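Subject: A structure for you, with notes on its salt bridges

Hi there,

Here is the structure I promised to pass on. Please open it alongside this email, and then read on for what turned up.

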Amino acid sequence: MSAVWDFADFDDHEHVHMFRDRDSGLTAVIAVHSTHLGPGAGGVRYWHYPQRAAAITDALRLSRGMSYKNAMAGLPMGGGKGVILADEGAAKTPELLAAFGRAVESLGGAYVTAEDVGMSDADMVAISKHTKHVSGLPVASGEAGGDPGPLTALGVYLGIKAAIREGLGVDSAQGVRVAIQGVGSVGGGVARRLAAEGAKLTLADVNLARAKELAEELGAELADSAAIMEIEADVLSPNALGAILTERSIEKLRVPIVAGGANNQLATAADGQRIHDRGIVYAPDYVINAGGIINVALEYLGQGSREEVEGRIALIPGRLAEIWAESKASGTPASMVADRMAQKLIGRG
């Protein structure tokens, strides 16, 4: 295996740590991309990777995305990400969560963890018994914090509405055809909000039963999780895992807008240029999906109520509009415009 700094996605990361605890079975990676604005904040993902190198790549990409996301959201936090490698079919145990908590604590506050794919707020409670550098814990009604999924969904919904204005010139989702890939906590929340506004939805998820149940609830159509990338619609909203916008998939897109909550949607930087060249309105993922980290960051910082969180999330459409305006004026892909803005904010411009 190559040294970590030889990985294609290594981007002058400040720390990359590998953890192994034999007693609990923990194998984990924590990557801290930048602490220029504050401690590296970002969730921990529990996922099965066929090759361990893929887990390192994921941690590198996701932590860089968190640096950009937190900077663009105006948070005094840097970017970090944790990845716990799950054995296929294995369940999380209290011992494994405790070991991960100790790993986080060993970094002395350089990394603040929270909930991500495969993790729950109950897992965050278990981890918090072993480190104070954790957020996304259950909170009283009206306070910042708790499950970040619904707040991420709120930001994505508002971002899709902004993209509809930008790409279609209309202010309502009424009658707009939206293809949603992934209907978990975020995608499902987005679907319910759009359906309430009268959007025409097509849903897909690797968990077919979950997609079918939500489709029946909302009166939506169903599609295969891969085939939905080629459906003719007004909006494609990726809300599952990343790297789904590739040279091949971009060629086959039949939508004028791509706006969704999945992290790292572009497989490579060149794919941002490809989607721009096709004239597709693209919402940079780390801008549109910032609602969850806004929520848990304000919880960790002790700075705000749910009202404050929602007020900050309401700024997401304006940030997207600024990116699109600069993209139009300069002829530069929206993805590159956003990257340059974020890099300047973290002192790397």
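Below are some notes on charged side chains and how they pair. Please keep in mind that this is a predicted model.

Let me begin with the general idea: side chains of opposite charge can pair when their charged atoms come close. In this model the count comes to 18 salt bridges. I picked out a few to walk you through.

Is Asp 234 buried or exposed? Its relative accessible area is 14%, and because the cut-off for buried is under 20%, Asp 234 counts as buried. Leaving aside residues up to four places away in sequence, Asp 234 touches Leu 168, Gly 175, Val 176, Arg 177, Val 255, Pro 256 and Ile 257.

Arg 177 and Asp 234 form a salt bridge, with 3.3 Å between the closest N and O atoms. Arg 177 belongs to strand 7 (residues 177-181) and Asp 234 to the loop between strand 9 and strand 10, so this pair ties together parts that are 57 residues apart in sequence. The backbone of Arg 177 takes part as well: its nitrogen lies 2.8 Å from a polar atom of the Asp 234 side chain.

Next come Lys 92 and Asp 123, whose side chains meet in a salt bridge at 2.5 Å, N to O. This pair links distant parts of the chain, 31 residues apart: Lys 92 is in the loop between strand 5 (78-85) and helix 2 (94-106), while Asp 123 is in helix 3 (residues 121-128). Asp 123 is buried at 9% relative accessibility, whereas Lys 92 is partly exposed at 28%.

The pair of Glu 217 and Arg 192

Here two helices are linked. The side chains of Glu 217 and Arg 192 form a salt bridge of 3.0 Å, N to O. Glu 217 lies in helix 6 (residues 208-218) and Arg 192 in helix 5 (residues 185-196), 25 residues apart. Both partners are partly exposed, Glu 217 with a relative accessible area of 48% and Arg 192 with 41%.

Technical notes:
Residues numbered from 1 in each chain as written. Predicted model: local features only at pLDDT ≥ 70, side-chain atom pairs only at ≥ 80, totals over all residues. Heavy atoms only, no water. Buried < 20%, exposed > 50% of the residue type's maximum accessible area, 1.4 Å probe, protein only. Polar contact = N/O pair within 3.5 Å; in protein donor to acceptor, adjacent residues only side chain to side chain. Contact = heavy atoms within 4.5 Å. Salt bridge = Lys/Arg side-chain N within 4 Å of Asp/Glu carboxyl O. Helix = DSSP H or I, 4+ residues; strand = E, 2+ residues; numbered from the N terminus.
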